[in-house]
Amino acid sequence: MELDFDPEALRAKYRAERERRIRPDGNRQYRRTVDEFGSHADDPHTEFTEREPLHDSVEVLVVGGGFGGLLAGARLRQTGVESIRVIEEAGDFGGTWYWNRYPGIHCDIESYIYLPLLEELGYVPKWRYAPGEEIRQHAMAIGRHFGLYRDACFQTRVRELRWHDTDLEWIVSTDRGDEMRAGHVVISSGTLSQPKLPGIPGIETFRGHTFHTSRWDYDYTGGDANGGLTGLADKRVALIGTGATAIQVVPHLGADAAHVYVFQRTPSSVDVRGNRPTDPGWAESLRPGWQRRRRENFLKIVTGVRADEDLVDDAWTSTARLQEKLIPTNAYAGVPAEERELAYEIADFQKMNELRARVEAMVEDPETAERLKPWYRYMCKRPTFSDTYLQTFNRPDVTLVDTADSHGVERITENAVVVGGVEYEVDCVIFATGFEVGVSGVLSGRLPVYGRGGADLLRTWMSGGPRTLHGFYCQGFPNLFHLGPLQNASAVNYVHILDEQATHVAEVVAEARKRQIRCVEPTAEAQDAWVATIRRKAADLHRFQAECTPGYYNNEGRPRERSESYGDGPVAFHELLRRWRSEGGMREVLAEGEA
Ligand code: NDP
């Protein structure tokens, strides 16, 4: 193939850029906001309300009121469960869309496939890529539609789940003094829900104003998610971080603050956004089943499964093949390994060259443009999309400060952010530094779970890794269901994945109720077989990730040896679940005679 670039030179450049950014402390560079900076975790959106502790009992208790928890509630309701309680730390439903209300917030997955239950609610989003507030309103509408507000407990954190061996139910304790009982518990506590701060020396000495993007302080900045940050008109603002969040925030800060310093360690890849209002004629033309068809079509395309048409046709679907590097599907397993790797790499270089050329075309100052160019493979970091971010650096009141050589911001003082020995005096520091990445509260240790005989779930999993059937349940912990990435298959349209999981759990619970079986728990054989399947089919991501620039996708440059995701990909996984349900698989979790 004739190439208009030198692959070897690009490989060397990528290696050199990676080396500049590798830190010896890896993931330990971050601080957990909740534990170390109380105020950064406070809820700016809802006043705290006192209430009496509850000592009642429900049929199903759901931990988490984001889309996973809402979908679990909705799907359970559809199967006829009356008594459902969602417990949520925030003041309302919405999860990530409750907490994140920063200016410019949108979802970069197409709204028609991202927002769940559109047909059930008779709703078509107003924009192709929906603003955060519309998504949050939709989450609340799901809560209302399925009657989930009735028994919900907001501003409540589950402290412990403990199985009662004789009563065969869960005892759920919370930070509000509740001690409730629940027949079944679904844990859907999110994967990017705990904000994190960088461990920058002196961070706690800053005397000006400061907050994390997931707790945006509009009392200070003025304006709202649409911008108009009038409170910043006379303020010098530091924004730390340039990930998917910062890409949306920067244009608004640039427009409204007296001066903005954007502290960048690794530039994001920034592709075309192309948002547009929904065409009413198109919305009218939609026929029943349209959302399922569209979601499944997208899922196939982004995970390398053949599809005859591309219904969504956006930047995600056009870069589909490159995404297999992060979410393995074994879809191209038939092609000889070396040929396949080279083809990937060339396609990747071409895509990244295109994105680097986009930077050059949009940013006037050549030095700034150079610093904004991403030098790594496409799926090493979360791709981003914006038609306004890069141009913001053409403003005289916006300065890009590159921190790659010092592995990030060097120091924070009482009134300044320091990089390369230069003190940038600011009034406000905003952290767009992301979230802890984990599998639910269980693996992070925030939610202790004690099963049969008082067995500690986290301890059980710490020796030899999690052991589950299909990622949902594990032996010794009856009637406990996990939603989220755990020995199952994932994809970028994560709410779709959660919906398939919620549907499965609801059907299993419905079957248990129908047969009056009180304990849902996988047999040892079924669980062992699934763990063996996961390990046997796991795609080898290690080499790709080890060569990536550090970030949360590769555990800050130290990728895990083993992938725990189902190597045949989500389309095959969903099919496997459907077959399991219809072909007698329930026998593996529903022990007859346990009434
Ligand atoms: P990220 O973790 O993606 O980004 C954190 C940023 O902070 C990175 O640029 C990181 O640099 C930088 N950083 C960390 N420590 C330092 C330091 N010491 N000095 C300087 N910079 C530092 O967080 P986001 O909130 O941007 O995004 C999190 C995830 O949320 C996304 O990946 C995506 O999955 C999701 N999201 C989705 C959106 C959507 O539209 N669907 C929109 C926004 C977010 P470095 O890269 O070098 O580590």
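I began with the two domains, and found that the centres of domain 1 and domain 2, taken over C-alpha atoms, are separated by 34 Å. Domain 1 covers 7-32 + 195-273 + 338-431 and domain 2 covers 57-93 + 148-194 + 437-594, with bounds that come from an automatic or database domain assignment.

I noted that this is a predicted model, in which local features need pLDDT of at least 70 and side-chain atom pairs count only at pLDDT 80 or more, while totals for chains, interfaces and linings use all residues. Residues are numbered from 1 along each chain as its sequence is written, and side-chain values use heavy atoms, with hydrogens and water left out.

Next I looked up the interface, where domain 1 and domain 2 bury about 1600 Å² between them, 53% of it on carbon and sulfur atoms (accessible area, 1.4 Å probe, that two parts lose on being put together, summed over both). I then looked for salt bridges (a side-chain nitrogen of Lys or Arg within 4 Å of a carboxyl oxygen of Asp or Glu), and the count between domain 1 and domain 2 is 0.

Last I turned to aromatic pairs (rings of Phe, Tyr and Trp, the last by its six-membered ring, with centres within 6.5 Å; planes under 30 degrees apart count as stacked, over 60 as edge-to-face and the rest as tilted), of which the whole structure holds 23. I recorded Tyr14 and Phe349 as edge-to-face, because their ring centres are 5.6 Å apart and their planes at 65°.
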